Amino acid sequence: MTRGRAGGVEPAAQQQVSTAPTKYRALLAVVVAAIVALSTAIYVGVASDNGTQGRRALADGRLPNNAAPASTGTWVGTWSTSPAAAEPGTETTGMADRSVRNVVHTSVGGTSARVTLSNLYGQSPLSITRASIAVAAGSGTAAALPDTLRQLTFNGGPTVVIPPGRQVMSDAVRVVIPHDTDVLITTYTPNSSGPVTYHPHARQISYAARGDHAADTTGTPYTEQSRFWRYLTALDVLSNEADGTVVVLGDSITDGITSTMGANNRWTDVLYDRLRAETAAGRRDLPRYSVVNQGISGNRVLTDGLGRPADNPSGLNRFGRDVLERTNAKVVVIDLGVNDILRNPRLADPNAILGGLRTMVGQAHARGMKVVGATLMPFYGHRGYTEAREAVRQTINAEIRAGRVFDAVADFDQALRDPYDPRRLKSEYDSGDHLHPSDAGFTRMADAFDLDSLKGSAPAEL
């Protein structure tokens, strides 16, 4: 039936109904009555459950799965890490008959979630027969908030096999993920897949247990602790808190290797806190972005590590996967180059390093991403320091400051150097090894970052 402007039934429709044969009107009444009865039965059945079916499933070892994602919001990365190498000692047994419970810390929150798992360094297929996600019951624990535990699925099923050298994204699952909180992502592998793909310097305690405990909420079986992340490389959320993702590509300084364990005080963590505080307060016209960390300790612009695939792949090698493939990436911040200087047995060529940085900038621009680049911080007093290497650093920084490399500059060198001896870190920002910042140094990096540099997009090609 069509409705008039006042919401009433049109006269023509009224006439059609009133002139319909009596037997059709009777049949219509029967159909309507049946539909009402069925709807009432469904409503009563659902209302009488009160969640007991979900609790019974949890008690039976089956995880509740709300697979249909909410329909509003934007998919962004709330946490990520880069697969860095094959975990030593896992070549033969891998993580057979083990549950791995990774603990990660979110930036933005959301109403649905999905994860990415990697078998980049595996030599045989990685079989995952159960996986789950939950909000942690607190910091420093393997226990979950029971009402948040959800089973993860892959193409609609609870199991997935990841070929060697590949990765897979789970289906979206409906679960409320708060911002600035720990999340538990658990995988169970029944047999060995060879070397485990991992990220060694997590600065976060994760857990493992014998047997399948993906559905466990108590944390009791998780008696083994680890200081790295296994298999897991990304957590995305469907969010109303962010419109895009800032991806930070870097080395151990970005990895936060000298930050306090479990404190989430990497400079990228503090940067997000600043950005969120400013946008939430409405004090500045800034983009609403999440921030994810793609730092690998020891990483270089130009040179891969050993192995096939290479451990610690270069920035150029991993740029496509670790930056361009990140969910809804809008801006990339690049803080690389120090290891190209320090780890080169000969004197590094500054033009080669700058060429590598410009290549990454070009790749980002081709995807419409803006690029913010960091100056290289001082390292006088470090065992690798020489005057010749210092000259290379100064040459690279001069090009960056002149605007001939990146779209915008984060001058970390100026922010953290000793004003009385610019070759070294200021003592309060030095962790003690004269290369990596202290917690105060990481905070200073984030405070020195110009949030306005996140505005806009890649410059138009001339």
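1. Glu428 is partly exposed, because its relative accessibility of 46% lies between the 20% and 50% limits. The partner of Glu428 is Lys426, and the two form a salt bridge. Their closest N and O atoms are 3.6 Å apart. Lys426 is partly exposed too, at 29% relative accessibility. Please read these values, and those below, as coming from a predicted model.

2. The salt bridges of the structure number 23.

3. Arg130 and Asp212 are joined through their side chains in a salt bridge, with an N to O distance of 3.0 Å. This pair ties together distant parts of the chain, 82 residues apart. Arg130 belongs to strand β6, residues 130–135. Asp212 sits in the loop between β13 (206–210) and β14 (224–226). The relative accessible area of Asp212 is 32%, so this residue counts as partly exposed.

4. Arg284 and Asp452 make another salt bridge, with 3.0 Å between the closest N and O atoms. Here, too, distant parts of the chain are linked, and the separation is 168 residues. Arg284 lies in the loop between α5 (267–281) and β18 (289–295). Asp452 lies in the segment after α11 (439–448). Arg284 is partly exposed, with a relative accessible area of 29%. Asp452 is partly exposed as well, at 32%.

5. Now the helix pair. Helices α5 and α11 pack with their axes 8 Å apart, at an angle of about 45°. That angle makes α5 oblique to α11. The crossing of the two helices is right-handed.

6. Which residues make the contact between α5 and α11? From α5 come Trp267, Val270, Leu271 and Arg274. From α11 come Phe442, Thr443, Met445, Ala446 and Asp447. By type, the residues of this contact are six nonpolar, one polar and two charged.

7. For a check on screen, two places can be viewed together. One is the α5 and α11 packing, with the axes 8 Å apart. The other is the salt bridge of Arg284 with Asp452. Arg284 is in the loop that runs between α5 and β18, and Asp452 is in the segment after α11.

Methods: Residues are numbered from 1 along each chain as its sequence is written. This is a predicted model: local features need pLDDT of at least 70, side-chain atom pairs count only at pLDDT 80 or more; totals for chains, interfaces and linings use all residues. Side-chain values use heavy atoms; hydrogens and water are left out. A salt bridge is a side-chain nitrogen of Lys or Arg within 4 Å of a carboxyl oxygen of Asp or Glu. Helices (H or I, at least four residues) and strands (E, at least two) are DSSP runs, numbered from the N terminus. Buried means under 20% relative accessible area, exposed over 50%, partly exposed in between (1.4 Å probe, protein chains only). Axes are lines fitted to C-alpha atoms, for helices over the stretch in contact, and angles run from 0 to 180 degrees between N-to-C directions. Angles under 35 degrees count as roughly parallel, over 145 as roughly antiparallel, 65 to 115 as roughly perpendicular and the rest as oblique. A crossing is left-handed if the near helix is turned anticlockwise from the far one by less than a right angle, and right-handed if clockwise. Contact means heavy atoms within 4.5 Å. Ala, Val, Leu, Ile, Met, Phe, Trp, Tyr, Cys and Pro count as nonpolar, Asp, Glu, Lys and Arg as charged, and the others, Gly among them, as polar.
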